[in-house]
Amino acid sequence: MAAGQGTRMKSRLPKVLHRLAGRSLLSRVLDTAIRLRPRRILVVTGHGAEQVERAVSEMATQPVEANTDEAGMGAMYTPEVCCVRQIPQLGTGHAVQQAAPALAEDGSVLVLNGDVPLVDFATLQHLVAASAGSRLALLTIELADPTGYGRIVRGASTAGVLSHGKGPVQGIVEHKDASPDQRGIREIYTGMLVAPGAALKRWLAGLQNDNAQKEYYLTDIVGLAVVEGTEVVSIDADGALSVAGINSALQLADLERAFQRRQAETLMEAGVRLADPSRFDLRGTLDCGMDVEIDVNCLFEGDVVLGEGVRIGAHCVIANAHIDAGAVIHPFTHIDGEAAGVRVGADARVGPYARLRPGAQLERDVHVGNFVEIKNATLGAGAKANHLAYIGDAKVGERVNFGAGSITANYDGANKHRTVIEDDVHVGSNCVLVAPITLGAGGTVGGGSTLTTSTEPGALTVARARAVSFANWSRPVKKRKE
């Protein structure tokens, strides 16, 4: 269900499209659902329907790896994802009613909420198994403060006691409709359930809106199921984090920090040294070797691999990069590989204040210093660009020294061109290498040179005007105002 307006978010962006750890709330729920390999996924949209549906279309265009198949092998799975609209929004039961015509009667229906992003996959597996195609299975949890949630109302214990030893579920009462005694119940309904398809359609048709909010509550199907004699079972959620919903920017921020703390603890348990786990953000995947050290306020996005002994300085942003063993990334460095990726070789040194863009490939023991930008370029082993330089669309050989203030001029206004700098070349400060150009091995380019043609191996090349001095020259002065 992804139709809610989310008025407390105070945003034009639909609530389910707000991001947790770099991804929309809805995309996280969809990914978990897809791992169950359902026959079909129906997304109920309403507020901001066009935006949500466009986002769903983008999420569902590529095959994904689902849970393992019977042979134990990972299987690629292209889900069928469809959207149905709920306009106007008349409650959770009304939302599922919009999807009812597309629900198969010979299977089970799992209901999830698009604003509960961290629902646990294993828990959903257990929930589906508990339904077993014939029962109504609810995901519940006990909260210290259940305010705002529907309470689980149970009958006295009988021979048909549920799996966790409590009496059988008789119904769910929403907070606004609950009596003072019912509000004292701490066990709540999380908003997630599994029901037999045919039975769910029957129950949906019998929903009424005679309640405090004049809405059609999905939770009322529990009472209808009990009247029919359908067994209602419950499964305990795996902690409050996995069922936490988002209704405000404050709740989103709180969940972000809780989720980041959980990710940090997982890394530290695996041996990663985090200077301060409360100042760490992971918005993708991070694979670390032994003895990795990460200083404060670092952000990792996309797919990042850190080899053994890698050290990441404070305030770095690293996305889609592979950093080999022993490399050091100094503070305030920005690495973003996007689709092309970035690789930093073993024992390399990058930063501070360096920028590596897509296609940057640094071999072993390369040094890239402050305010140096590398894009779509390879730097051979031992190459150095220590200060204030730009290297783009280039192949730089081994042991090259690229001087401060020098650049490869790779763009002519319409097309990109390549620069080749062969092994052991020394490029002086403040040089402009106008591509396409090749600097021969072992050559030297004098500081301040602008080169438009290739150079021979071993040559000294200087391309600058001769200095001219004018004796007794007077600098212009401002005229005084009358």
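This predicted model holds three aromatic pairs. A pair of aromatic rings is described by the distance of the centres and the angle of the planes. Take Phe 280 and Phe 300. Their ring centres are 6.0 Å apart and their planes meet at 40 degrees, so this pair is tilted. Phe 280 sits in strand β14 (residues 280-288) and Phe 300 in strand β16 (residues 298-306), so the pair links distant parts of the chain, 20 residues apart. Both Phe 280 and Phe 300 are buried.

Now look at Tyr 353 and Phe 371. Here the centres are 5.3 Å apart and the planes lie at 10 degrees, so the pair is stacked. These two residues also come from distant parts of the chain, 18 residues apart. Tyr 353 is in the loop between β22 (349-350) and β23 (355-356), while Phe 371 is in the loop between β25 (367-370) and β26 (373-379). Tyr 353 has 40% relative accessibility, so it counts as partly exposed. Ring pairs join Phe 332, Tyr 353 and Phe 371 into a cluster.

Rings can also meet charges. The charged end of Arg 35 sits over the ring of Phe 121, 3.9 Å from its centre. The charged end of Lys 416 sits over the ring of Tyr 411, 5.7 Å from the centre.

Next comes helix α7 (residues 221-228). Its residues Ile 221, Val 222 and Ala 225 are buried. They cover an arc of only 105 degrees around the axis, so they lie on the same side of α7. An α-helix has 3.6 residues a turn, so residues three or four places apart point the same way. The buried residues of α7 pack against β8 (136-142), β10 (169-173), β11 (187-196), α6 (197-205) and β12 (232-236). Just after α7, Gly 229 takes a positive phi of about 90 degrees.

Side chains of opposite charge can pair when their charged atoms come close. The model has 23 salt bridges. One of them joins Arg 39 and Asp 106, at 3.0 Å from N to O. These residues are 67 residues apart in the chain, and both are exposed.

Another salt bridge joins Arg 283 and Glu 301, with the closest N and O atoms 3.9 Å apart. Arg 283 lies in strand β14 and Glu 301 in strand β16, so the bridge ties together parts 18 residues apart in sequence. Arg 283 is partly exposed, at 33% relative accessible area. Glu 301 is partly exposed too, at 28%.

Finally, Glu 363 forms a salt bridge with Arg 343, at 3.0 Å between the closest N and O atoms. Shared partners join Asp 324, Arg 343 and Glu 363 into one network of salt bridges.

Methods
Residues are numbered from 1 along each chain as its sequence is written. This is a predicted model: local features need pLDDT of at least 70, side-chain atom pairs count only at pLDDT 80 or more; totals for chains, interfaces and linings use all residues. Side-chain values use heavy atoms; hydrogens and water are left out. Rings of Phe, Tyr and Trp (its six-membered ring) pair if their centres lie within 6.5 Å; planes under 30 degrees apart count as stacked, over 60 as edge-to-face and the rest as tilted. Helices (H or I, at least four residues) and strands (E, at least two) are DSSP runs, numbered from the N terminus. Buried means under 20% relative accessible area, exposed over 50%, partly exposed in between (1.4 Å probe, protein chains only). A charge sits over a ring if NZ of Lys or CZ of Arg is within 6 Å of the ring centre and within 35 degrees of the ring normal. The arc is that of the directions from the helix axis to the C-beta atoms. Contact means heavy atoms within 4.5 Å. A salt bridge is a side-chain nitrogen of Lys or Arg within 4 Å of a carboxyl oxygen of Asp or Glu.
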